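Here is a friendly walk through the model shown below. Have the sequence and the 3D view side by side as you read.

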Amino acid sequence: MRKLALFSLFALFLFSCGNSPKNQEQTTTAAPEVEAVVYSVDDLYKNAADVVDKEVVVKGTVMHVCQHGGQRCFLMGSNEEINIRIEAGEKIGAFSQEQMGSELEIVGVLKEVKTEADAHNPGEHEADSEAEENAEVAQAHKIIAESQDKAEIVYFIEGVKVKEL
């Protein structure tokens, strides 16, 4: 009888030790995912110093899409003077002119414009096609250039993913 009780106690000990790693795995996999903060363009600029060189999610209205290949677009904040450039990059490919005026949510890395290579001044590289530039595009280029001139620090986003809202 003693052997049976001792054997049962030993079996119970082994059984309880064998189950605890499984419980830890289940707890680990069941942890909820943390949702990313979705910034408006205005809020992104307010928090830019804290999130520069980090992945961010921003949403806004497309105020301009570059006409030559759609490699970048500009999202507008509470007004046109608050805007941010989005570089499409390899993962997004290109923006289309049909996206003008639509709401987009962009996931990408916020970068600070530090060199001329980082900068993009709309209209500057398009001297050959000035005749093709219509008044609406010229006005958008003017607004973007003026807002960049007024800003102490200019930021842009290297886009990773885009979602139309």
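The sulfur of Cys-66 has its closest cysteine sulfur in Cys-73, and because the two are 8.5 Å apart, they are too far for a bond. A disulfide here is a pair of cysteine sulfur atoms within 2.5 Å, and by this rule the count comes to 0 disulfides.

| Cysteine | Relative accessibility | Class |
|---|---|---|
| Cys-66 | 4% | buried |
| Cys-73 | 0% | buried |

Please keep in mind that this is a predicted model, in which local features need pLDDT of at least 70 and side-chain atom pairs count only at pLDDT 80 or more, while totals for chains, interfaces and linings use all residues. Residues are numbered from 1 along each chain as its sequence is written, and side-chain values use heavy atoms, with hydrogens and water left out.

Now for the whole chain. It has 5 helices and 6 strands, where helices are DSSP runs of H or I with at least four residues and strands are runs of E with at least two. From the N terminus on, their order is α-β-α-α-β-β-β-α-β-α-β.

Of the 165 residues, 33% count as buried. The protein chain exposes about 11000 Å², with 53% of it supplied by carbon and sulfur atoms; such areas come from the Shrake-Rupley method with a 1.4 Å probe. Among contacts (heavy atoms within 4.5 Å) between residues at least 6 apart in sequence, 68% join residues at least 24 apart.

Definitions and conventions: Buried < 20%, exposed > 50% of the residue type's maximum accessible area, 1.4 Å probe, protein only.
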